[in-house]
Amino acid sequence: MAPSTRAPLSKTVSPPLSTSRTRPRKTLTTLSSQKINTNPSAHPRTDPINALNVLVKLLTSLPSPTQAEHALSLHLINVLDPFVYHGVRALAPNPVSSAPSAPCYGLVNQPTEIIDAILHFDYRVIRCKISSISVWNHLVHHRSLARNVRKLEIIDERASCSGSASGMLIPRGILQGDTDLESTDDELSMHAKQERFLAAALVRMTGLKEFKWSCNHSPISIAHVWPTLMMRAANLKSINICDNLRIARAIVKRKKARRLLKMESVAFRSTPHSYGSAKHPELARISAMLHQCVNLKNLEVTYIAPRSLGSPSAQGTSSRTRPLADEFFMYGRWSNLTTLTLTNLRCGTFASPSSFLSAHPALEVLHMDVSIHAPTASGHLYLADGALPRLREIKASKDIINAILECPSDARRPLESVKGFKLSGNGASASATQNTPPRFVSDATFLSNLKQYANCIRRIELVGWHDMEDVKKLTSCVPNVQHLDVGRRMGAAAHRNAGAEKGVVGPATNIIEWTELLATLPELVTMHGVKFFYEVSSAPMGGSIVVSSNSAASSWSGAPNGHSGGAGARDSSPMTNIASFSKNQSHMSMMERSRMRKNDEIAGVLAWKCPKLRRVDHWEEGSPKVIVLLKEHADEAGKERESKVRWEVRRMKQ
């Protein structure tokens, strides 16, 4: 009986084995034929099941994923990451039971763990007003939800509730609008009630890491919330405060406070509103708060004069109404500080900023808008030998930058970006140098020190310049610059163009001189501060103008407002994509068509003089748009041909 039963088994088993070997191939082909949406927004973070299914399809059916599929896989992994974390916690044994044989059922005992994680994810970031008592009351009564808050933003009472990036962001399920908690008979006690509920909610936010305060139109100051906020000091890493009351004059008593060991980033900014502003601002309160942050890495202190004062400081000019920062420089010390931004401050002596900069060797980015009102005979800014050895970027006045450049150092600083200085035009003549005060640096001295870093500087941003010779001397010192922003022209020429500060400004009258200057910068990629292109008013706001032209300069007439003429000029004029060109210009006037052709010639000359140039200014003053130059080099056969350039109008991200 045994042989008779084995023979039919072998015959009946063999066909399924052959079919089972082909099933995975059919599955793979089926999965590969399915179209997967590579848009990350099509896969929400609250749907881990869909993310897991799509990720399995990507890993099994796509042997060579594209860049979009790779980005989608990273997005899906980020979606699954918090749910995997909660799943591991659920699978871990119960720490309460000490019995070694205690059963661990994991997700069997906690079937709602994944669902709770989906609901808790909405509580990671909360952005609302201080008057949102319903939000604070909800967090007070739900401790498990309050523990999930990682970033809290208190916006201004006059901000819009929704519809923008700075609008309110409240988790789903919280009742919004008028409630019994928000209604009160006594309007004077309303603010005290809001502060009390906010403090109670902050106590329960044990996982809070980022805090931003922008509530400037309320009697509640950050000073009232600060003691409660310090109870969460164990996890806080970033604080951003926009409040005028922090810079007001006050008597601060030094007392022992809890240190914020994990605090890495702190920003204090005032607002241009008159509410809470002071005629004599000080930094005493800010210094007291910063005394608790011993491991700071990023620090920003920005003062903005109120618009209602009507003083020169409100216009951004130098004034003695700025906060005095001598005490801040004298006693502030942070060994890990890498980024420092100080805006619109003043000092009475050179000693305090000199000692501060010499005591912070880890600084890499320094933005220092500080005016020093010291007597002429008191000296100048002097740094200790080897100060700021890691400095990569500096934005300051010419005197401060020159003091850093001439400071001796064992190893050359990796300086890449220099911003915020002016070229006064007093470096050429000896009489101008004699009339210059001793504590001010001439252009000749500054440029000679800047030339020592010619091999490493890649970015230059000026505030202003007087003569064309100033810019030529600057570019001769840093020939390898890749980003150049010359700012605005100052002096008599600037007053003549004062009526064109807003709106559309015509191109420069000396375009040929500027192109010859750009030809001396072979590595230049971005050029700002000079307009080369004419306005084309009929261009669509949302789209872009695309025109192809030859980069040969044979059609360049040399006059800024002239046009090439003659048969030879017409033969060498741009002739690429004439059909699309005529379609785009069918609705243009004759003047606009002439401007378009002139812009084609300018683009060709810029590409010919400066081969690596890619971005220049748009014709609109203060617009976020730029003009990008795109090139084509070789045809399909691989032979060299005359390169072509086309220019596009693009909008920069802000």
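**Exercise 1. Which residues of helix 11 (residues 351-358) are buried?**

Before the solution, two notes on the model. The model is predicted: local features need pLDDT of at least 70, side-chain atom pairs count only at pLDDT 80 or more, and totals for chains, interfaces and linings use all residues. Residues are numbered from 1 along each chain as its sequence is written, and side-chain values use heavy atoms, with hydrogens and water left out.

*Solution.* 
- Step 1: Start with the terms. Buried means under 20% relative accessible area, exposed over 50%, and partly exposed in between (1.4 Å probe, protein chains only). Helices (H or I, at least four residues) and strands (E, at least two) are DSSP runs, numbered from the N terminus.
- Step 2: Go along helix 11. Ser352, Pro353, Ser354, Phe356 and Leu357 are buried there.
- Step 3: Look for the cover. It includes helix 10 (326-331), strand 7 (339-347) and strand 8 (365-372).

**Exercise 2. Find out where Asn344 and Leu388 lie, and look at their phi angles.**

*Solution.* 
- Step 1: Most residues other than glycine have a negative phi.
- Step 2: Take Asn344. This residue is not a glycine, yet its phi is positive, about 65 degrees. Asn344 belongs to strand 7 and is buried, with a relative accessible area of 8%.
- Step 3: Take Leu388. Its phi is also positive, near 50 degrees. The loop between strand 8 and strand 9 (393-396) holds Leu388, which is buried with a relative accessible area of 1%.

**Exercise 3. Work out how helix 7 (residues 190-204) and helix 8 (residues 222-229) pack.**

*Solution.* 
- Step 1: Know what to look for. Two packed helices are described by the angle between their axes and the distance between the axes. Axes are lines fitted to C-alpha atoms, for helices over the stretch in contact, and angles run from 0 to 180 degrees between N-to-C directions.
- Step 2: Read the values. The angle is about 25 degrees, and the axes are 9 Å apart.
- Step 3: Name the arrangement. Angles under 35 degrees count as roughly parallel, over 145 as roughly antiparallel, 65 to 115 as roughly perpendicular and the rest as oblique. Helix 7 and helix 8 are therefore roughly parallel.
- Step 4: A crossing is left-handed if the near helix is turned anticlockwise from the far one by less than a right angle, and right-handed if clockwise; for helix 7 and helix 8 the crossing is right-handed.
- Step 5: Find the residues. Glu195, Leu198, Ala199, Leu202 and Val203 of helix 7 meet His224, Val225, Thr228 and Leu229 of helix 8.
- Step 6: Sort them. Ala, Val, Leu, Ile, Met, Phe, Trp, Tyr, Cys and Pro count as nonpolar, Asp, Glu, Lys and Arg as charged, and the others, Gly among them, as polar. That gives six nonpolar, two polar and one charged.

**Exercise 4. Is Gln452 buried, partly exposed or exposed?**

*Solution.* 
- Step 1: Locate Gln452 in the loop between helix 14 (443-450) and strand 11 (459-465).
- Step 2: Its relative accessible area is 43%, so Gln452 is partly exposed.
- Step 3: Leaving aside neighbours within four places in sequence, Gln452 is in contact with Leu405 and Arg412.

Technical notes: Contact = heavy atoms within 4.5 Å.
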